[in-house]
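Please keep the sequence and the coordinates at hand while reading.

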Amino acid sequence: MLETKMSSHLSGGRLNVALVQETMRTELLNLLELYKGPKVTIWDEWLAGPVGLVAQYALLQEHEVTDMFPLKPGSLPNISVKHIVFIARPNLKLMDLVADYVQSLRTKQTIPVEFHLIFVPRKSELCIKHLTNIGVMANLSIQEFKCDVFPFESDVMSLELQNDFRENYLEGDPTCVYNAAQALRSIQQLYGIIPRVFGKGVAAKQVWDLLCRLNKEEQGSGPKGSPTSCIDQLLLLDRAIDFTSVMSTQLTYEGLIDEIYGIKSSTATFPGHKFVSAEDTNPDVTAIEKKRIILNSSEKMFAEIRDCSFTAAGTALSKKARIIKTQLDEWHKDKSVQEIKQFVSLLPQMLANKQSLATHTAIAEYIKETTDSFDFQDMVHCEEDFLNCIENEKVCPYIEDLIAQKEPLTKVLRLICLQCVTSSGLKPKVLEYYKRELVQVYGLNTWLTLCNLEKCGLLRTQQGTRQYAVLRKALHLTMDESDMNTTENSYLSSKYTPLTVRLSDHIAKNKGWTGIQDVLGTLPGPTLDVLQTLQPRMVNSISNDNSPSMENPRVILVFFIGGCTYQEISALRILSQQEDSNVEFVVLTTKLINGTTFLESLMENE
């Protein structure tokens, strides 16, 4: 029953994302079936959440998984099963942990034990050689769980690569490019060959070129998959073409949850005290305990408010509260027997709605505590000035104050990077001033982080044209309230629309780059426009579009290489929901990120 609920929110779109879940789940269960009898799994902690989206623990228990442990330093209790299964990414540090466990358990166990290692998404010869050198390879059987893509929503899939942008741009490690190309191969094998491909950026070209090469190497011809596809167009976007949308604060309901509390594998954790209800038997315990909430569209109320601005979400919750109160008050009115029976049949849904309302009201109250603070409002005001190219050429007094107060380094760096990308580079004196202040206040290690940011292009000196200023006007990235009609206003709460979303919108409306070639020239990296097949898209039999304008609905897969924010996903959803739209955007990303997590992946730890 739990698994059915888990999948229900994946099959609501024109692209049946539940197919990804079913395929990956079947493959995982088939791997576990290789080891007959009770077994224990030891998980790479980073994978536990994403793989949980494919197969939950309850399902694994049905396949004789008696216990699960995280793969981290330490020792395990005595295990009385024959099979111990390690599930991990091909990472040398993780291989050291696997070797420690094997050596420890081998000497400690009183009954014969068989060790198995499942690499996700594929094995690495370097890791196998490392295990051989340590001396444990003889004790391990090796398998691959080729799970390239994890399903999050009916319109969102992610590769969940931990440090893909850092690996590609800083360390020169092309593994993430290979994983992205393999993910696209998996998508095309499931849904058919995508007829038209567009792209922008260095990483977009790298992924596409590698995908073409892999296809040729495997069968000496074109891509593998059905000649008719469920997807009309593919848009590959390198994160490096639009840092602005990552560095600015997300101001949608879901975006703010991610900014303040963090969302990991569709789950967020909150303090417990606002979730205490009048019916709670142990209010003191509830108040102390952390509350974990699953956030996906299987919950109707969250699906309705997730993409709204926070103000609009608050208004929607108030409206819902009035409706639910009115419905429940009906119980006290005189009713016939038939009316009572009808009311009783609706009661479980009403109570579920009431519980859902209480949950999201509590979350909204937590968020409001942050958004009402002077500090948050000052930060957003500073961001808006940068986005509108106001006073972004000189040292910002607000950033100076944050450094003097030794606010979190990620908060300061986000603003400096935003100022840099919106002014198309900082003046040399301004950049040197910021560097000097940061190193003096936060320590010498900060210098290494600043070097990383410069290498990625997040920090640089001004050179030549002001690309952002050109893009801002040409693509209408920002607008005054007087310019915002109701459609645009529903886009996002801030007056800024992500560049990646404007490019996606242009592809949808013009079926190509026509009309913006000059603008694309100001963005870094090559431009892609490839025709893969002349076959028309496969008509999706399960879609039930009644609108005449939806006679030939199109699906565009937007692949963010380097990470994607919830705010960008929300903006694409709102584009799809517009009355005159016959396009549904499906997001594929290497990782779901926000400005803080993105910067943390580029920072040098102490």
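Tyr 35 counts as buried, with a relative accessibility of 5%; buried denotes under 20% relative accessible area, exposed over 50%, and partly exposed the range in between, for a 1.4 Å probe and protein chains only. The residue is found in the loop between H2 and E1, where helices (H or I, at least four residues) and strands (E, at least two) are DSSP runs numbered from the N terminus. Leaving aside residues up to four places away in sequence, Tyr 35 touches His 83, Val 85, His 116, Ile 118, Ser 141 and Gln 143, a contact being heavy atoms within 4.5 Å. With His 83, the separation is 48 residues in sequence, but 6.7 Å in space from C-alpha to C-alpha.

The model is predicted: local features need pLDDT of at least 70, side-chain atom pairs count only at pLDDT 80 or more, and totals for chains, interfaces and linings use all residues. Residues are numbered from 1 along each chain as its sequence is written, and side-chain values use heavy atoms, with hydrogens and water left out.

What is the order of the strands in the open sheet of five strands? The order is E2-E1-E3-E4-E5, and the pairing is parallel; two strands pair if DSSP finds at least two bridges between them. Strand E2 (65–70) and strand E5 (140–144) form the edges, each pairing on one side only. Direction ignored, neighbouring strands of this sheet are turned by 20° against each other on average. Within the sheet, strand E3 (residues 83–88) and strand E4 (residues 114–119) run parallel and are joined by six bridges. Ala 88 stands opposite Phe 119 in E4.

Helix H2 (residues 18–33) lies across strand E1 (39–43), E2, E4 and E5, and runs at about 160° to E5; axes are lines fitted to C-alpha atoms, for helices over the stretch in contact, and angles run from 0 to 180 degrees between N-to-C directions. Helix H3 (residues 45–52) packs on the sheet and touches E1, E2 and E3, its direction making about 110° with that of E1.

A hairpin connects E6 to E7 through two residues, and Phe 150 has Ser 158 as its bridge partner in E7.

The cysteines form zero disulfides, a disulfide being a pair of cysteine sulfur atoms within 2.5 Å. For Cys 417, the nearest cysteine sulfur belongs to Cys 420 and is 6.9 Å away. Cys 417 is buried at 0% relative accessibility, and Cys 127 is also buried, with a relative accessible area of 2%.

The chain as a whole has 26 helices and 15 strands, and 52% of its 606 residues count as buried. Among contacts between residues at least 6 apart in sequence, 79% join residues at least 24 apart.

Confidence is expressed as pLDDT, the predictor's confidence in each residue, from 0 to 100. Its mean over the chain is 87, and 89% of the residues reach 70 or more. Over residues 1–6, pLDDT stays under 50, and the model has 11 contacts beyond four places in sequence for this stretch. Residues 538–550 likewise stay under 50, with 14 such contacts beyond four places in sequence.
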